[in-house]
Amino acid sequence: MYEKAFQLEIITPTKIVFKDEATSLTAPGVMGSFQILCDHAPFLSTLKVGEMKVKNKNGDDARYAVSGGFVEVKQNHVAVLADSAENAPDIDVDRAQGSKARAEERLRARQEKIDFERAHGSLARALNRLRISQKG
């Protein structure tokens, strides 16, 4: 099946994760999940922790664990500026499980000096990475 493509870049502070044509991008916006296709109207959104799915021009799907950022759509060019974006096969499951355990321990400890918002965020990111890694 022929699907029109657009240019997609997924960029984190440390690297360019994806730079090629894509036919679809589904992302976790703070106001709800959204999908971008070719010829989408100009658009700007913030991202929350969740799964981002990219369908490339060959019809293959890739799943990424993202932890916030922005998406801008303009004239068939989509730029994702993500705090982090990890392709499912590249996720270090042991590291994610360690992060989850540390966050759960911080939340269980209930000490005054613990930043609970930060611990909840860390737990959400770790759980997201583990969920996405299982989808491969």
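Helices (H or I, at least four residues) and strands (E, at least two) are DSSP runs, numbered from the N terminus. In these terms, Val-71 is found in strand 5, which covers residues 61-74. The structure is a predicted model, in which local features need pLDDT of at least 70 and side-chain atom pairs count only at pLDDT 80 or more, while totals for chains, interfaces and linings use all residues. Residues are numbered from 1 along each chain as its sequence is written, and side-chain values use heavy atoms, with hydrogens and water left out.

**Overall architecture**

- The protein has seven strands and two helices.
- Along the sequence, these elements follow the pattern β-β-β-β-β-β-β-α-α.
- Taken along the principal axes, the box filled by the C-alpha atoms is roughly 55 × 25 × 25 Å.
- The protein has 136 residues, of which 40% count as buried. Buried means under 20% relative accessible area, exposed means over 50%, and partly exposed lies in between (1.4 Å probe, protein chains only).

- Gln-35 has its place in strand 3 (residues 32-36). Its relative accessibility is 44%, so Gln-35 counts as partly exposed.
- Gln-35 and Thr-23 are 12 residues apart along the chain, and their C-alpha atoms are separated by 10 Å.

**The aromatic pair**

- A pair of aromatic rings is described by the distance of the centres and the angle of the planes.
- The structure holds one aromatic pair. It is formed by Phe-34 and Phe-43, with 5.0 Å centre to centre and 65° between the planes, and it is edge-to-face.
- The rings of Phe, Tyr and Trp (its six-membered ring) pair if their centres lie within 6.5 Å; planes under 30 degrees apart count as stacked, over 60 as edge-to-face and the rest as tilted.
- Phe-34 is buried because its relative accessible area is 12%, whereas Phe-43, at 28% relative accessibility, counts as partly exposed.

**Salt bridges**

- A search of the whole structure finds eight salt bridges. A salt bridge is a side-chain nitrogen of Lys or Arg within 4 Å of a carboxyl oxygen of Asp or Glu.
- One of them joins Asp-39 and Lys-4, whose closest N and O atoms are 2.6 Å apart. Asp-39 lies in the loop between strand 3 and strand 4 (43-56), and Lys-4 in the segment before strand 1 (6-11), so this pair ties together parts that are 35 residues apart in sequence. Lys-4 has a relative accessible area of 43% and is partly exposed.
- Arg-63 and Glu-51 also meet through their side chains in a salt bridge, at 2.4 Å from N to O. Because Arg-63 lies in strand 5 and Glu-51 in strand 4, the pair ties together parts that are 12 residues apart in sequence. Arg-63 is partly exposed at 24% relative accessible area, while Glu-51 is buried at 17%.
- The side chains of Arg-129 and Glu-86 form a further salt bridge (2.6 Å, N to O). Arg-129 lies in helix 2 and Glu-86 in strand 7 (residues 85-87), so the pair ties together parts that are 43 residues apart in sequence. Both Arg-129 and Glu-86 are buried.

**Surface patches**

- Patches are made of residues with over 30% relative accessible area and no salt bridge; like charges are joined within 9 Å, and nonpolar side chains (Val, Leu, Ile, Met, Phe, Trp, Tyr) within 5 Å. Accessible areas come from the Shrake-Rupley method with a 1.4 Å probe, and for residues only the protein chains shown count as cover.
- Arg-95, Arg-102, Arg-106, Arg-118 and Arg-125 form a positive surface patch. The elements that give two or more residues to this patch are helix 1 (93-109) and helix 2 (116-135). Helix 1 provides the largest share, three residues.
- Arg-118 has its place in helix 2, and with 64% relative accessibility this residue counts as exposed.
- Leu-44, Phe-70 and Leu-81 make a nonpolar surface patch of about 330 Å². Leu-81 has its place in strand 6 (residues 77-82) and, at 46% relative accessibility, counts as partly exposed.

Methods:
Lys, Arg positive; Asp, Glu negative; His and termini not counted. Charge placed at Lys NZ, Arg CZ, Asp CG, Glu CD.
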